[in-house]
Amino acid sequence: MCGILAVLGCSDDSQAKRVRVLELSRRLKHRGPDWSGLYQHGDCYLAHQRLAIIDPASGDQPLYNENQAIVVTVNGEIYNHEELRKSLPNHKFRTGSDCDVIAHLYEEHGENFVDMLDGMFSFVLLDTRDDSFIVARDAIGITSLYIGWGLDGSVWISSELKGLNDDCEHFESFPPGHMYSSKEGGFRRWYNPPWFSEAIPSAPYDPLVLRRAFENAVIKRLMTDVPFGVLLSGGLDSSLVASITARHLAGTKAAKQWGAQLHSFCVGLEGSPDLKAAKEVADYLGTVHHEFHFTVQDGIDAIEDVIYHVETYDVTTIRASTPMFLMSRKIKSLGVKMVISGEGSDEIFGGYLYFHKAPNKEEFHRETCRKIKALYQYDCLRANKSTSAWGLEARVPFLDKEFIKVAMDIDPEWKMIKPEQGRIEKWVLRRAFDDEEQPYLPKHILYRQKEQFSDGVGYSWIDGLKAHASQHVTDKMMLNASHIFPHNTPTTKEAYYYRMIFERFFPQNSARLTVPGGASVACSTAKAVEWDSAWSNNLDPSGRAALGVHLSAYDQKLTTVSAANVPTKIIDNMPRIMEVTAP
């Protein structure tokens with residue numbers, strides 16, 4: 001992942017302004033430690049911090065068309081760039097970068113080319129011929145992006161809040177699947193799939209079609225000129241990603257450059273569910289497996305860094321981002337610059353445990369639509385920023401445009417959870433990869449119950465966070481919470497603790513408005529809380545809050561965790577974060 005920053009139409013072309021843009025761009029250097037670039041045209045500035053994945057030697061940015069009239073700064077990967085190059089025979093490309101096609105597509109098709117891009121991306125394109133510009137973000141919001149407005153009439157674009165929050169009068173998340181055109185003076189949605197309207201689909205379930213679509217999504221993400229691996233928690237989604245990658249790696253350009261044996265990575269507290277399952281899958285697939293241990297105290301010590309980098313106060317996101325943040329640092333230290341991950345499957349297939357209570361297929365489908373639309377505020381934000389904090393890129397094949405189309409066209413009756421018929425959560429995905437002749441995974445892994453990442457790394461992680469917060473947030477502080485934080489008022493001490501840290505880094509009202517709120521149980525939307533009346537008394541985002549569903553659910557009598565029933569001693573005698581490599 002790279003970092004982009006653009007300041008457009010600021011009525012200031014002075015050296016002092018250029019120095020300020022460079023200063024702000026440096027705040028994004030963790031995203032792109034390999035090279036920096038800045039282009040200035042009058043009072044428009046396009047800055048770039050590069051993480052070199054494709055064509056490391058010549059793909060520095062900003063990028064241009066042939067006569068340099070069109071300038072682009074991009075964060076992301078365009079997986080179909082070779083086909084797009086072939087469709088532009090009259091154009092001369094300056095680099096081998098996958099993002100080099102963007103300026104030429106604009107030259108050929110004007111502003112209506114964004115849907116031709118297959119990948120994850122955020123970009124700013126400046127047309128110096130008329131000083132117009134467009135900004136676009138990928139369909140689901142895999143790459144992070146923000147837009148702000150200055151009092152001087154300027155428009156600001158940044159990969160992260162910290163690039164613009166101090167200089168804009170107002171800023172907000174740039175909506176996924178949209179573009180902003182200076183000529184039109186506003187946003188328009190370029191991504192318009194059938195599922196977006198939440199109409200109920202009726203296509204029959206074909207396991208082989210679903211399997212083929214996901215295999216294609218994984219294979220196209222093997223495009224790399226640098227060492228890579230897979231994140232492997234041992235759950236269904238990451239295990240399928242690892243299995244398909246291992247199966248198709250041989251013969252690829254990546255295998256020729258870096259070897260055909262896949263590297264896999266897992267993180268957890270010692271003895272956690274994920275570590276055990278991941279080791280078993282790694283042994284089955286024959287990967288070079290790297291297992292990282294962290295302690296509860298390691299995680300607590302990292303919380304401030306995590307909130308600074310991930311830019312949220314959402315409880316679920318912080319719980320899950322912290323282990324991923326720690327693991328990403330270790331992965332990068334091994335020389336790996338890209339990983340493939342399993343985010344998005346639970347939203348598409350209704351994999352969260354609360355989907356057991358969906359009253360009918362219509363509500364089930366609408367909830368999956370709501371979850372996909374909100375991914376950019378939760379799992380995509382976590383996966384992008386936790387890894388980018390250390391100059392590591394995460395790719396997510398479940399959020400492939402074509403795969404989402406295939407999966408969301410399926411009649412949701414097939415996705416419904418029906419234990420009496422042996423259909424657990426994500427049954428359609430499990431069944432698609434249940435191959436007796438050439439198994440992708442061991443049966444018990446293929447049918448393992450869903451664990452949310454923050455649970456799977458070790459249940460004591462969340463319990464430890466709650467205990468730590470209870471030592472720093474008093475009952476008196478909670479009584480005044482609605483006055484101190486009238487927007488998205490924290491209802492638990494853990495949420496209050498995160499909010500205090502966030503507000504210290506990002507005190508602007510615009511910043512707090514970028515974070516979603518509302519009631520949630522086991523990662524549900526507020527709407528789905530209505531599915532079970534008991535849930536309204538147990539609003540916790542952990543999967544264990546799905547009472548009567550999770551095999552290790554919270555005791556129904558203990559709907560809150562107080563300092564009285566959690567040990568106050570957090571520091572344990574486990575080793576500090578370390579790597580254990582399988583022999």
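Is R448 buried or exposed? I looked this up in the predicted model and found R448 buried, at 16% relative accessibility.

**Entry 1. The R448 pair**

I then examined the partner of R448. Its side chain forms a salt bridge with that of D274, with an N to O distance of 3.6 Å. D274 is also buried, at 3% relative accessibility. I located R448 in the loop between α15 (443–446) and α16 (453–456), and D274 in helix α7; the two are 174 residues apart, and the pair links distant parts of the chain.

**Entry 2. Other salt bridges**

K279 is partly exposed at 30% relative accessibility, and D283 is partly exposed at 48%. I also recorded the bridge between E530 and K527, at 3.4 Å from N to O. E530 counts as exposed, with 58% relative accessibility, whereas K527 is partly exposed, at 38%.

**Entry 3. Confidence**

I checked the pLDDT before going further. The protein chain averages 91, and 90% of the residues score at least 70. Residues 554–583 have a pLDDT below 50; this stretch has 60 contacts in the model beyond near neighbours in sequence.

**Entry 4. The sheet**

I traced an open sheet of six strands in the order β2-β3-β1-β9-β8-β10, with antiparallel pairing. Its edge strands are β2 (35–41) and β10 (170–173), each of which pairs on one side only. The twist from one strand to the next averages 10 degrees. Helix α1 (residues 15–26) packs on this sheet and touches β1 (3–8), β2, β3 and β9 (155–158); the direction of α1 makes about 30 degrees with that of β3. I counted seven bridges between β2 and the antiparallel strand β3 (residues 44–50). Within this pairing, Y39 has L46 in β3 as its bridge partner.

**Entry 5. Nonpolar cores**

Which residues have the most contacts inside the largest nonpolar core? I found L117, F123, I140, F214 and F403, in a core of 89 residues. Helix α7 (residues 273–285) gives the most to this core, with six residues. I listed the neighbours of F403, leaving aside residues up to four places away in sequence: L210, A213, F214, A217, I348, F349, P397 and F398. A second, separate core has 60 residues, including V7, C168, V306 and I331. As a general point, nonpolar side chains tend to be buried together in soluble globular proteins.

**Entry 6. Backbone exceptions**

Most residues other than glycine have a negative phi, and most peptide bonds are trans. The peptide bond joining Q61 and P62 is cis, with omega about 0 degrees. P62 is placed in the loop between β3 and β4 (63–64). K426, not a glycine, has a positive phi of about 60 degrees. I found K426 in the loop between α13 (401–408) and α14 (427–432); K426 is buried, at 3% relative accessibility. N488 likewise has a positive phi, near 50 degrees. N488 lies in the loop between α19 (481–484) and α20 (493–505) and is partly exposed, with a relative accessible area of 24%.

Technical notes. Residues numbered from 1 in each chain as written. Predicted model: local features only at pLDDT ≥ 70, side-chain atom pairs only at ≥ 80, totals over all residues. Heavy atoms only, no water. Pairing = 2+ DSSP bridges. Helix = DSSP H or I, 4+ residues; strand = E, 2+ residues; numbered from the N terminus. Axes fitted to C-alpha atoms, helices over the stretch in contact; angles between N-to-C directions. Contact = heavy atoms within 4.5 Å. pLDDT = per-residue confidence, 0-100. Core = buried A, V, L, I, M, F, W, Y, C linked by side-chain atoms within 4.5 Å. Buried < 20%, exposed > 50% of the residue type's maximum accessible area, 1.4 Å probe, protein only. Salt bridge = Lys/Arg side-chain N within 4 Å of Asp/Glu carboxyl O.
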